[in-house]
Amino acid sequence: MTQDGGTTDRSDAGTTDRSDAGGDETLSEAFWSVARQLRHTSQETLAPWDITPAQLRALRVLMRRGTMRLSELSDHLGIAARSATEVVDALEARRLVQRRPDPADRRATLVALTEHAATVLDAIRAARGTEAERAFGRLSPADRTHLARILRQLRD
């Protein structure tokens, strides 16, 4: 019970008071709503290349870190080896990665980006830049700076 006779909803403990969040929506509800919108938009953006967000993550790891064993890719992605194999299978079918034997260990397989992957990644980067501008274009430059700082703080 509050001082004015109202009740406090304890199910929202740790989130912004409903009245501070623009009516009936809590901070966490607003955050997850925006996250769903961004995820949906991201999937739409990737659709022309028939690439999933998980596949894009794998391509980005390979772009940043270079050729690596399938087991290393699995570790970098934080997924099971079998799941990494499925991701690489799909990317290989699209000619975005290639497998080859590891000369240091014949039992291991290396995964490398193809030249085609670099072209696709450039196109996706441009499309996602446009997507980001639409999503965040309504914010002032100062608000974008604050949001980026807050998101980095939450991520780390």
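Trainee: Aspartate 89: buried, exposed or partly exposed?
Mentor: Partly exposed. Its relative accessibility is 35%, and the cut-offs for that class are 20% and 50%. Keep in mind that this is a predicted model.

Trainee: Which residue forms a salt bridge with aspartate 89?
Mentor: Arginine 99 does. The closest N and O atoms are 2.6 Å apart. The pair links distant parts of the chain. Arginine 99 is in strand S2, aspartate 89 is in helix H4, and ten residues separate them.

Trainee: And how accessible is arginine 99?
Mentor: Its relative accessibility is 28%, so arginine 99 counts as partly exposed too.

Trainee: What about glutamate 92, what does it pair with?
Mentor: Arginine 99 again. Here the closest N and O atoms are 2.5 Å apart. Glutamate 92 is partly exposed, at 32% relative accessibility. Shared partners join Asp89, Glu92 and Arg99 into one network.

Trainee: Why would such side chains pair at all?
Mentor: Opposite charges can pair when the charged atoms come close.

Trainee: How many salt bridges are there in the whole structure?
Mentor: Nine. One of them joins arginine 94 and aspartate 50, with the closest N and O atoms 2.9 Å apart. Those two are 44 residues apart in the chain. Arginine 94 is in the loop between H4 and strand S2, and aspartate 50 is in the loop between helix H1 and H2. Arginine 94 is partly exposed, with a relative accessible area of 24%.

Trainee: Switching to helices. How do H2 and H4 cross?
Mentor: At roughly 85°, with axes that come within 10 Å. H2 and H4 are therefore roughly perpendicular.

Trainee: Which residues make that contact?
Mentor: Ala54, Gln55, Ala58 and Leu59 on the H2 side, and Val87, Ala90 and Leu91 on the H4 side. By class, that gives six nonpolar, one polar and no charged.

Trainee: And H2 with H5, what's the angle there?
Mentor: About 115°, with the axes 11 Å apart. H2 covers residues 53-65 and H5 covers residues 115-136. The crossing of H2 past H5 is left-handed.

Trainee: Which residues meet in that one?
Mentor: From H2, Leu56, Leu59, Arg60 and Met63. From H5, Ala117, Ala118, Leu121, Ile124 and Arg128.

Trainee: How many of those are charged?
Mentor: Two are charged, seven are nonpolar, and none are polar.

Notes: Residues are numbered from 1 along each chain as its sequence is written. This is a predicted model: local features need pLDDT of at least 70, side-chain atom pairs count only at pLDDT 80 or more; totals for chains, interfaces and linings use all residues. Side-chain values use heavy atoms; hydrogens and water are left out. Axes are lines fitted to C-alpha atoms, for helices over the stretch in contact, and angles run from 0 to 180 degrees between N-to-C directions. Helices (H or I, at least four residues) and strands (E, at least two) are DSSP runs, numbered from the N terminus. A crossing is left-handed if the near helix is turned anticlockwise from the far one by less than a right angle, and right-handed if clockwise. Contact means heavy atoms within 4.5 Å. Ala, Val, Leu, Ile, Met, Phe, Trp, Tyr, Cys and Pro count as nonpolar, Asp, Glu, Lys and Arg as charged, and the others, Gly among them, as polar. Angles under 35 degrees count as roughly parallel, over 145 as roughly antiparallel, 65 to 115 as roughly perpendicular and the rest as oblique. A salt bridge is a side-chain nitrogen of Lys or Arg within 4 Å of a carboxyl oxygen of Asp or Glu. Buried means under 20% relative accessible area, exposed over 50%, partly exposed in between (1.4 Å probe, protein chains only).
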